Amino acid sequence: MSDAAHWTMNHDIYLTPPPFITLSTCFLNTLLSRCPQIRGQSTTISEMTTEIPKPPGLPLLGNISDVDPSNTWVSLQKLWEKYGDIFKITVLGHDIVFIGNIALCEEVCDEKRFRKFVGGPIVEIRKAVHASLFTAFADEPIWGVHHRILAPNLTPTAAAEHFLEIRDIAADLTAKWRDLGNDATVSVIGELNRLDLETTTQCFFGRRLHGLTGVEHPMIRAMDQATGEAMKRPTRPKLVNWLLHQSRFEKDCNTMRQYAAECLQYRKDNPADRKDLLHAMMNAKDPETGKAMDETQIIDEMVSMPIGSSTAPCVIASAIYYLLQNTECIAKAREEIDSVSGDGDFSSEHLDKLPYCAGIVRESLRLSAAAPGFNIEPLPGTKGPILLGGGKYQVPATQTMIIVLHGVNRDPAVFEEPEIFKPERMIGDAFDRLPEGAKKWFGNGKRVCIGRHYAWIWNVITLVTLLKNVDFEMADPAYKLKQDGWFNLRPVGFDVKIKPRGS
């Protein structure tokens, strides 16, 4: 996938599977756009030092029944639980390889050998965001232009400058909950989705949506539906997409772009002395090329930012679940918060004094795998076969591999009692000693999430604000965590009763 013509060829291929093939796009996009036979290679078991494990399949069809297309990542979790560190599935004779431990994750994250693979659903969502930072192909120069313009406004220092905005909007949410009365029941992910969009729009674009109350902002539903459709489109024939799904997909993409266009117009109509992300996109030039971003490109990135930040509410919703299952952790966190801020306001100076709360966020990132994985491919021109695991396994030189963070984050070789929620393992020296492959929550290398510092501070501030002000109780004491999602993994059906802390 080194040029536009090459992508077009592959795009046509992976969008034309037989109608009965409904395997989730996380697989099929990789499978049919990068499969060795299309590229003139074979990948037989006899070529491997050790056979990569796989489930038994059906004649001709292979393993299509092993994956639920409506919940791909949970299907992958089950396959990892059964087959372990590395596994594959076969569909129509073609293999898809999955990575599920830290050592192999570190190996395929070596940018001297591998790079991010852009395909399938990421290609489909280009309908809404074109060549944005999230979706640009490796050889598109526009990625570098946008990155050099945006990155200075997303450093740890730049993210910290949004502390008051993040804290105060989170406080607005707790005030809304207080007005609902004691023991009101809310959808955790629903409320946090509202909070995330409200905060992201204010911090990055300088506009309040006032969407914490009332009717949910249409951007939230459009993001969910558009990313869901982007995941499903490569599993269907193009004719089916066009006849049955194109209109809805285009409407959702247009809704997202309308959100961005309205925010951009608001800034034009209300000039402000804010040196935020939108200011940079409207005024800065790339220091290398001298190029500026045009209005279409600005809207592209304004849409991609909320899509990217949508993993953050999944992290905090998961954290609330894990804390309610381990109430002693709530007591420890509140003891830390109270010792630092007392009855006064939570301030930016307190952030570095809350290591246990930071440990809760990291442990929630680990267990939730809110950003569930990413795709890796060998660098162009690599000669195969590719050896992995010290030569234990081999794959073709064009093999795309999917890193399953649910498995990587539970590697028993690194994490003792990996299913247990232990914030202590994510604090101080214990965290520093973890291998880099255990910290891939935001992706890897050059294409790591550009908003990771903002996401981190949003997670910590939101968690601390909620624990400082709100008591939570499971609405259904028998509830066990269930997840689904498209570009993220979120708790499903998780409701809590809320009341002001100590009331």
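User: What should I keep in mind about the model and the numbering?

Analyst: It's a predicted model, where local features need pLDDT of at least 70 and side-chain atom pairs count only at pLDDT 80 or more, while totals for chains, interfaces and linings use all residues. Residues are numbered from 1 along each chain as its sequence is written, and side-chain values use heavy atoms, with hydrogens and water left out.

User: How many helices and strands are in the protein chain?

Analyst: There are 20 helices and 12 strands. Helices (H or I, at least four residues) and strands (E, at least two) are DSSP runs, numbered from the N terminus.

User: What makes S347 count as buried?

Analyst: Buried means under 20% relative accessible area, exposed over 50%, and partly exposed in between (1.4 Å probe, protein chains only). S347 has 19% relative accessibility, so it counts as buried. S347 is in the loop between helix 16 (327-341) and helix 17. Beyond its neighbours within four places in sequence, S347 is in contact with F163 and R167, contact meaning heavy atoms within 4.5 Å.

User: Why is T200 called buried?

Analyst: Its relative accessible area is 0%, so T200 is buried. T200 lies in helix 10 and, not counting residues up to four places away in sequence, touches F205, S309 and Y454. T200 and S309 are 109 residues apart in sequence, yet their C-alpha atoms are 7.7 Å apart in space.

User: And why does D471 count as buried?

Analyst: D471 has 17% relative accessibility, so it counts as buried. D471 sits in strand 9 (residues 470-474). Leaving aside neighbours within four places in sequence, its contacts include R334, K497 and P500. From D471 to P500 is 29 residues in sequence and 5.9 Å in space, C-alpha to C-alpha.

User: How do you know that helix 17 is largely enclosed by the rest of the structure?

Analyst: Of its 14 residues, 13 are buried, so helix 17 is largely enclosed by the rest of the structure.

User: What makes the length of helix 17 agree with what it should span?

Analyst: The expected span is 1.5 Å times one less than the number of residues. For the 14 residues of helix 17 (residues 355-368) that should be 20 Å, and the end C-alpha atoms are 20 Å apart, so the two agree. After helix 17 comes A369, with a positive phi near 45 degrees.

User: Why is helix 11 called roughly perpendicular to helix 14?

Analyst: The axes of helix 11 (residues 218-232) and helix 14 (residues 295-309) come within 11 Å and cross at roughly 80 degrees. That makes helix 11 roughly perpendicular to helix 14. Angles under 35 degrees count as roughly parallel, over 145 as roughly antiparallel, 65 to 115 as roughly perpendicular and the rest as oblique. Axes are lines fitted to C-alpha atoms, for helices over the stretch in contact, and angles run from 0 to 180 degrees between N-to-C directions.

User: Which residues make that contact between helix 11 and helix 14?

Analyst: M219, M223 and T227 of helix 11 meet V303, P306 and I307 of helix 14.

User: Why is helix 16 called oblique to helix 17?

Analyst: Helix 16 and helix 17 pack at about 140 degrees, with axes 8 Å apart. That makes helix 16 oblique to helix 17. On the helix 16 side the contact uses C329, K332, A333, E336 and I337, and on the helix 17 side P355, Y356, C357 and I360. By class, that's 7 nonpolar, no polar and 2 charged residues. Here Ala, Val, Leu, Ile, Met, Phe, Trp, Tyr, Cys and Pro count as nonpolar, Asp, Glu, Lys and Arg as charged, and the others, Gly among them, as polar.

User: Where is the kink in helix 12 centred?

Analyst: The kink in helix 12 (residues 238-269) is centred on H245 and is about 70 degrees. The bend at a residue is the angle between axes fitted to the seven residues ending there and the seven starting there.

User: Why are D183 and E417 called partly exposed?

Analyst: D183 has a relative accessible area of 42%, so it's partly exposed, and E417, at 43%, is partly exposed too. D183 isn't a glycine but has a positive phi of about 65 degrees. E417, also a residue other than glycine, has a positive phi near 45 degrees.
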